[in-house]
Amino acid sequence: MAGRQPDSAARRVLIAPDSFGGTLTAVQAAEAIAAGWRRARSGDSVIVAPQSDGGPGFVDVLATRLGERRSIRVSGPLSDQVEADWLFDAADPATAYVECAQACGLTLLGQPPGPQTAVAAHSRGVGELIGAALAAGARRIVVGLGGSSCTDGGRGMIEAFGTAVDVRTALADARAALAGVELIAATDVEHPLLGPMGAAAVFGPQKGADPATVARLEDRLAGWAVELARVAGRDVSAEPGAGAAGGLGAALLALGGQRKSGASVIAEHTGLTAEVAVADVVITGEGRLDDQSVHGKVVSALAEAARDHGATVLVLAGQVQLDAAAIRAAGIDAAYALADHAGSVRRASEDAENQLTTLAERIAGRLG
């Protein structure tokens, strides 16, 4: 590895992982890696800066740096209510940070995802979170998108603003409620709403949809896209990010929202750019290192920035599904699979925090 300093010297190490699926939050993963690294290299300067691309952990990561955390009960993705956190930063100016996974995340289903839940799951709780932010006086609302269990195109979110039996009234009510509010869809997903690269086709199977269910979801989204185009005055379904979080991106765009990189939102508030510029080693990670990881997600953004400053880039992931050539092409010096270290995917999942700590300790011990 080619870092800034000789191997014998103390290093400045930036630890900035995303969440590890439903196993570890970004905050937990960062703390586990830091603990292992310090065991082996106590002389290094370790900076902990957990990250998110807008998916699960978006609020938790931001809560370490800014805003007042608030909790409310909202509609979950199926029938039960869930406790959801959001952030309010009255100084910025009156900005709220909302995470869709807090209301309709896959982990909130209470059962393994399947065709039935893929059809039934909804985003109403996201609308209720936005409503709470509005009631608190927010004039800027940033909605982190990712990790959702639903593929309803944001219809549930819209219906939280009006009558569920009259979607056009709900759309009009939502537009009126958000008039004068800056709305931001925070996501690094660039997929459109419809088609072979759309919300149903690409993400539906991850949410339990079989081929017949994917086709059913696609038809439902196509009809919904007509209503969104009517209220927006343009076809938002083809815009980048429209397919994020089961189509929540499309609904936010139709309500006047703008898409912004979720990773850049986090980077801005965690001072990531400045930390990368002075780091000798940058450590990031996520649940699965695959082709999506190196196209606009936290891992790729960090690798690109670190490469520009000559830092060594290490990735710790639950599973590594890229070959060596793809890893090198992404600007990553080395990638390590937690499943290989633990001996099995099951052990890596059930004992994730401890396994990640010992993996980091082993890697740090080899660095010098």
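Between which strand and which helix is the loop that holds proline 50? Proline 50 sits in the loop between strand S2 (45–48) and helix H2 (58–63). Helices (H or I, at least four residues) and strands (E, at least two) are DSSP runs, numbered from the N terminus.

This is a predicted model, in which local features need pLDDT of at least 70, side-chain atom pairs count only at pLDDT 80 or more, and totals for chains, interfaces and linings use all residues. Residues are numbered from 1 along each chain as its sequence is written, and side-chain values use heavy atoms, with hydrogens and water left out.

- Proline 50 counts as buried because its relative accessibility is 7%. Buried means under 20% relative accessible area, exposed over 50%, and partly exposed in between (1.4 Å probe, protein chains only).
- Leaving out residues up to four places away in sequence, proline 50 touches Ile15, Pro17, Ala26, Val27, Ala30, Val61, Ile266 and Thr270. Contact means heavy atoms within 4.5 Å.
- Proline 50 and arginine 140 are 90 residues apart along the chain, and their C-alpha atoms are separated by 23 Å.
- Aspartate 18 lies in the loop between S1 and H1. Its relative accessible area is 6%, so aspartate 18 is buried.
- Residues up to four places away in sequence aside, the contacts of aspartate 18 include Ala26, Ala29, Gln51, Asp53 and Glu286.
- Alanine 245 is in the loop between H9 and helix H10 (248–254). It counts as buried because its relative accessibility is 9%.
- Phi of alanine 245 is near 55°, a positive value in a residue other than glycine. Most residues other than glycine have a negative phi.

- Helix H1 (residues 26–40) has 15 residues and reaches 22 Å from its first C-alpha to its last, close to the expected 21 Å. The expected span of a helix is 1.5 Å times one less than its number of residues.
- Among the buried residues of H1 are Ala26, Val27, Ala30, Ile33 and Trp37.
- The cover over the buried residues of H1 includes strand S1 (12–15), S2, H2, strand S9 (281–289), strand S10 (312–320) and helix H17 (352–367).
- H17 has 16 residues and reaches 23 Å from its first C-alpha to its last, close to the expected 22 Å.
- Leu356, Leu359, Ala360 and Ile363 are among the buried residues of H17. Their cover includes H1, S9, S10 and strand S11 (334–337).

**Nonpolar cores**

- The largest nonpolar core has 58 residues, and those with the most contacts inside it are Val126, Ile130, Ile141, Leu145, Met157 and Ile158. A nonpolar core is a set of buried Ala, Val, Leu, Ile, Met, Phe, Trp, Tyr and Cys residues joined through side-chain atoms within 4.5 Å.
- Helix H9 (residues 211–232) gives the most to this core, with seven residues.
- Apart from this core lies another, of 28 residues, including Ile33, Ile283, Leu356 and Ala360.

**The second largest pocket**

- The second largest pocket holds about 170 Å³ of space. On a 1 Å grid over the protein atoms alone, a pocket is an open set of points where a 1.4 Å probe fits, with protein on both sides within 12 Å along at least five of seven lines; lining residues have an atom within 4 Å of a point.
- Of its 14 lining residues, the closest to the centre are Ala263, Ala267, Leu272, Ala301 and Leu302.
- The largest share of this lining, four residues, comes from H13.

Note on methods. Points joined across faces, edges and corners; volume = space filled by probe spheres on them.
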